[in-house]
Amino acid sequence: MIGALAALGSSVTWAIGTQVYPKLASEYSPFEVNGGRALVALPLFFVLSLIVGGAQGWALVGTSHVGWLLLSMISSYFLGDACFMWSTRALGIPGALAVASSYPVWTAFAGVLFRGEILASRQWLGIALAVLGTVVVILSGYSSRRSSQAAGEEVSGFGAGVVFGLLTSGFWALNSWAVAEGGKGISPWVGNSIRMIIALVLCGSASSLLRRRPVVSIPYSTLRPYLPIFALEAFG
């Protein structure tokens, strides 16, 4: 049950984080927000990696670990989470989260195609329900937008929001695959330290190129109230 409880806990911390990150992303780029997440989490992971395993834990890291973890961060902090934040602007947090959270469907299909995994009938039923739920969310959101337009309210970007949500689900599926492969044989503290270092490089580069800002240009006065949530989600 440890794996199931850990996965459930991860969904809870992410749900809490989604109440904050889209708000910050409305004023700052998603790359600046994700850079802030990595900057908060990195020292916590790094200190624990030294306490738990010492330098020996880092000696186990190979180039394959770094490669898989690089792919993990490209598909999560760099692209997946950015698409999610853009999706929330059109669909709202619940709608974007519902569409993006269909990513286990793609992960299950990848397991069948590339690993030869066999799904039981109840697992296929679960996949079908997940797809159906995503379709219902999309159609409900579309119907709500049509009603708003009929009432004279200005709405736009619904289609783009759905596309960004689906892209998020694809990137998150790739992330779950890559982080599982990249974490083999090393401690989660070391693996996540590497991921946060990569996130700072990727997000810092994107912030500099797109907005000519450093990786974290969010004023400390703005960031300070959210630091516990950053630590809870990005580290916890």
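These legends describe close-up views of a predicted model.

**How to read the views.** Local features need pLDDT of at least 70, side-chain atom pairs count only at pLDDT 80 or more, and totals for chains, interfaces and linings use all residues. Residues are numbered from 1 along each chain as its sequence is written, and side-chain values use heavy atoms, with hydrogens and water left out.

**View 1. Confidence along the protein chain.** The term pLDDT is the predictor's confidence in each residue, from 0 to 100. Its mean over the protein chain is 86. Of the chain's residues, 92% reach 70 or more. Which helix has the lowest confidence, and which the highest? Helix α8 (residues 121-150) is lowest, with a mean of 76. Helix α5 (residues 63-78) is highest, at 95. Helices are DSSP runs of H or I with at least four residues, strands are runs of E with at least two, and both are numbered from the N terminus.

**View 2. Helix α3 against helix α10.** Two packed helices are described by the angle between their axes and the distance between the axes. Axes are lines fitted to C-alpha atoms, for helices over the stretch in contact, and angles run from 0 to 180 degrees between N-to-C directions. Here α3 (residues 30-52) and α10 (residues 188-210) pack at about 155 degrees, and their axes are 8 Å apart. That angle makes α3 roughly antiparallel to α10. Angles under 35 degrees count as roughly parallel, over 145 as roughly antiparallel, 65 to 115 as roughly perpendicular and the rest as oblique. The contact of α3 with α10 has 18 nonpolar, 6 polar and 1 charged residues. Nonpolar covers Ala, Val, Leu, Ile, Met, Phe, Trp, Tyr, Cys and Pro; charged covers Asp, Glu, Lys and Arg; the others, Gly among them, count as polar. The crossing of α3 and α10 is left-handed. A crossing is left-handed if the near helix is turned anticlockwise from the far one by less than a right angle, and right-handed if clockwise.

**View 3. Gly191 in helix α10.** Gly191 is found in α10. Is Gly191 buried or exposed? It counts as buried because its relative accessibility is 7%. Buried means under 20% relative accessible area, exposed over 50%, and partly exposed in between (1.4 Å probe, protein chains only). Not counting residues up to four places away in sequence, Gly191 touches Leu69 and Ile186. Contact means heavy atoms within 4.5 Å. Pro22 is 169 residues from Gly191 along the chain, and their C-alpha atoms are separated by 26 Å.

**View 4. Helix α7 across helix α9.** Helix α7 (residues 103-115) and helix α9 (residues 158-182) pack at about 55 degrees. Their axes are 8 Å apart. The two helices are therefore oblique to each other. Their crossing is right-handed. On the α7 side, the contact includes Tyr103, Trp106 and Phe114. On the α9 side, it includes Trp172, Ser176 and Glu181. By class, the residues of the contact of α7 with α9 divide into 7 nonpolar, 5 polar and 2 charged.

**View 5. Trp106 in helix α7.** Trp106 lies in α7. It counts as partly exposed because its relative accessibility is 41%. Leaving out residues up to four places away in sequence, Trp106 touches Ser169, Gly170 and Ala173. Ile127 is 21 residues from Trp106 along the chain, and their C-alpha atoms are separated by 9.4 Å.

**View 6. Helices α5 and α6.** The axes of α5 and α6 come within 3 Å. They cross at roughly 15 degrees. The helices are therefore roughly parallel to each other. Ile74, Ser75, Ser76, Tyr77 and Phe78 in α5 meet Gly80, Asp81 and Ala82 in α6. The contact of α5 with α6 has 4 nonpolar, 3 polar and 1 charged residues.

View 7. Ser87 is found in α6 (residues 80-100). Ser87 counts as buried, at 0% relative accessibility. Beyond residues up to four places away in sequence, it touches Gly92, Ala96, Gly161, Phe164 and Gly165. Met85 also lies in α6. Met85 counts as buried, at 1% relative accessibility. Met85 and Lys23 are 62 residues apart in sequence and 9.0 Å apart in space, C-alpha to C-alpha.
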